[in-house]
Amino acid sequence: MKSNKINISSEIKKKLKYLRKDKLYDYSLFEELVDENAIAFRKAISRLSKEGMLVKVGNGKFYKRGDREEILIEEPLRIKARKVSWLKRGSVSVSYLKSVLSSNLFWSNPKGSIGVENIIIAIIENNALSDLDFARFSFGDNKVIEVFLKHFNIHSRPLIRDVLYV
């Protein structure tokens, strides 16, 4: 009887070859591989991340890093979220934002709350670098990078790309 063992790492590499660079993906692309052996899949993803073939972002998300001239740091230091309750709730009250953000990004909404993703988008759209630190420390680098890759062409905002080390 012949066994149908596959090399999960090589199967992942085959799929990665055809993915666009600097675009956010999730592990659902490899659903058939995860179903066969979840432990081997996680090990292969970690190994490929250490090799630099992909960059893990958050839980179950990754991107394929584009070609850059800068010196690559193997594992850049990532800031973890301090306000996990905001991430779980998905929003922050406007009154708090007005007291901590240097620019009034949400003047049209005097009361209520703003979604976490909308806060990050507004900060990046307005190039509010001083407020980017607030987003990074509150929501964590992984969430900020995820939103950045999802909603922006990272080559049009090289300064933010370099700050986030994407």
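Predicted model: local features only at pLDDT ≥ 70, side-chain atom pairs only at ≥ 80, totals over all residues.
Which residues in α1 meet which residues in α3? Residues are numbered from 1 along each chain as its sequence is written, and side-chain values use heavy atoms, with hydrogens and water left out.

**Figure 1. Overview of the chain.** The chain has nine helices and five strands. Both are DSSP runs numbered from the N terminus: helices are H or I with at least four residues, strands are E with at least two. Along the sequence the pattern reads α-β-α-α-β-β-α-β-α-β-α-α-α-α. Of the 166 residues, 40% are buried. Buried means under 20% relative accessible area, exposed means over 50%, and partly exposed lies in between (1.4 Å probe, protein chains only). Among contacts with a separation of 6 or more, residues 24 or more positions apart account for 63%. A contact here means heavy atoms within 4.5 Å.

**Figure 2. Packing of α1 on α3.** Two packed helices are described by the angle between their axes and the distance between the axes. Helix α1 (residues 8–17) packs on α3 at an angle of about 55°, with the axes 9 Å apart. That makes α1 oblique to α3. Axes are lines fitted to C-alpha atoms, for helices over the stretch in contact; angles run from 0 to 180 degrees between N-to-C directions. Under 35 degrees counts as roughly parallel, over 145 as roughly antiparallel, 65 to 115 as roughly perpendicular, and the rest as oblique. The crossing of α1 and α3 is right-handed. A crossing is right-handed if the near helix is turned clockwise from the far one by less than a right angle, left-handed if anticlockwise. From α1, the residues I8, S9, I12, K13 and L16 meet A40, F41, A44, I45, R47, L48 and E51 of α3. By class, this contact of α1 with α3 has eight nonpolar, one polar and three charged residues. Ala, Val, Leu, Ile, Met, Phe, Trp, Tyr, Cys and Pro count as nonpolar; Asp, Glu, Lys and Arg count as charged; the others, Gly among them, count as polar.

**Figure 3. K43 in helix α3.** K43 sits in α3, which spans residues 38–51. K43 is exposed, at 52% relative accessibility. K43 and I8 are 35 residues apart in sequence, yet 9.5 Å apart in space, C-alpha to C-alpha.

Figure 4. Side chains of opposite charge can pair when their charged atoms come close. A salt bridge is a side-chain nitrogen of Lys or Arg within 4 Å of a carboxyl oxygen of Asp or Glu. The count by this rule is seven. In one of them, E146 pairs with K61, the closest N and O atoms being 3.1 Å apart. E146 lies in helix α8 (residues 141–151) and K61 in strand β3 (residues 61–63), so the pair ties together parts 85 residues apart in sequence. E146 is buried at 11% relative accessibility. K61 is partly exposed at 24%. A network of salt bridges links K61, K143 and E146.

**Figure 5. Helices α6 and α8.** The axes of α6 and α8 come within 10 Å and cross at roughly 70°. That makes α6 roughly perpendicular to α8. The crossing is right-handed. On the α6 side, V116, E117, I120, I121 and I124 take part, meeting K143, V144, V147, F148, K150 and H151 in α8. By class, the contact has seven nonpolar, one polar and three charged residues. K150 also forms a salt bridge with E117, with 3.7 Å between the closest N and O atoms. K150 lies in α8 and E117 in α6 (residues 116–125), so the pair ties together parts 33 residues apart in sequence. Relative accessible area is 48% for K150, which is partly exposed. E117 is partly exposed too, at 24%.

Figure 6. Buried residues in α7 are D131, L132, F134, A135, R136, S138 and F139. Their cover includes α4 (84–89), β4 (91–93), α5 (94–100), α6, α8 and α9 (158–164). R136 and D133 meet in a salt bridge (3.9 Å, N to O). Both lie in α7 (residues 129–139), three residues apart, about one turn of the helix. R136 is buried at 12% relative accessible area, whereas D133 is partly exposed at 39%. Just after α7, G140 takes a positive phi of about 90°.
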